[in-house]
Amino acid sequence: MAARTVIELDTVRKTYGDGTVAVAGLSLAVHEHEVLALVGPSGCGKSTTLRMVNRLVEPTSGRILLDGEDVTTADPVALRRRIGYVIQNVGLFPHRTVEANIATVPGLLGWDRARTRARVAELLDLVGLPAATYAKRYPHELSGGERQRIGVARALATDPPVLLMDEPFGAVDPEFRRHLQTEFQRIQRETGTTVILVTHDIDEAARLGDRIAVLSRGGVLEQVASPLAVLAHPASERVRDFIGDGSASRMLALAQVQAADLEGAERIVQPAPAPVRLGARLTDAFEAVAALPGSAMGRVPVVGESGDVVGSLTADGILGALRRAADASATDPGVAEVQGADLEDAPGRRAV
Ligand code: ADP
């Protein structure tokens, strides 16, 4: 079934007052419940694109539809209540408690105290910061990561169908970033919120995006596709340059061990080495094979959900799995690519 389009950018253009063309005519559709990662080098128009969706920036021309409704004619305040927004340094109000920060939009909407308090507790629970400990704290009493989580809780307060995130993990130190990304994934799966995530980091995009839209200077859409498809089949030299080295290892982290990659269990040397799971990331399978003692002849057992051995895997099997994943991604529905030059002069709608 085709995914429902929640946000549609239709030949959207932004020229700033000083003549800078930040976005030259971008068409892009965002599907319900997906995380669309908007990536590209600094200055390519990612933030401008994001901010046009909630009208912090007004497009010069083109249309942006939210659930089929043109946002450029919507009341901006009402619009922002339907669209959560999270930025790098969170922008929490320093003189308000955590509770008051999260309750900002419910307050604007006139929710009563009991409903607001219950929602705040629920959200703090969702982001893993218990209300009993955190509700009455002030932003300066929190770590960077905790502040970022409060920012997410605040953005989700009225359960908006859409969340815009602009480099949300950029200010968090690398060690903790991974943890927050995992946390974000859990929350997004739980809430089903449709997310546009702006990042300059291809690894973050590949990890968190259901699809990746790669932009180049001037908000030109180079490619929109699944992370595997972008890594395996970059649509242009610019995409290839942007990704840089390391595609194979990134793909290993995205693809999984499947039954088709296995050989028979009878060739496993006894005593059997520690197994990998069917469905494990290829990275983990590769590490398991690399760590085998010489006596294991390069072969790990693979177990199914019940824990029973269902076959064995070798380095060749992993390579085959990588090729299979790359080939399969070539036919992803999201793989269609668009050249910006065509788009700018496109007469009609060119949503991807
Ligand atoms: P990104 O988020 O990809 O780094 P931006 O959307 O912030 O890119 O910026 C795109 C281009 O627009 C850049 O050249 C930037 O300098 C320019 N720009 C952004 N904001 C403004 C502004 N308020 N006035 C003029 N130029 C701007």
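Biologist: In β10, which residue is the bridge partner of L215?
Modeller: First, this is a predicted model, where local features need pLDDT of at least 70, side-chain atom pairs count only at pLDDT 80 or more, and totals for chains, interfaces and linings use all residues. Residues are numbered from 1 along each chain as its sequence is written. Strands (E, at least two residues) are DSSP runs, numbered from the N terminus, and two of them pair if DSSP finds at least two bridges between them. Strand β9 (residues 211-216) pairs with β10 in the antiparallel sense over five bridges, and there the partner of L215 is L221.

Biologist: Which residue in the turn of the β9 and β10 hairpin has a positive phi?
Modeller: Three residues lie between the two strands of this hairpin. The positive phi, about 85 degrees, belongs to G218.

Biologist: Is strand β10 largely enclosed or open?
Modeller: A residue is buried if 20 or more other C-beta atoms, placed from the backbone, lie within 10 Å of its own. Six of the six residues of β10 (residues 220-225) are buried, so the strand is largely enclosed by the rest of the structure.

Biologist: How many residues of helix α7 are buried?
Modeller: Helices are DSSP runs too (H or I, at least four residues), and α7 covers residues 144-155. Among its buried residues are R147, I150 and A155. Helix α7 is largely enclosed by the rest of the structure, because the buried residues number nine of the twelve.

Note on methods
The expected span of a helix is 1.5 Å times one less than its number of residues.
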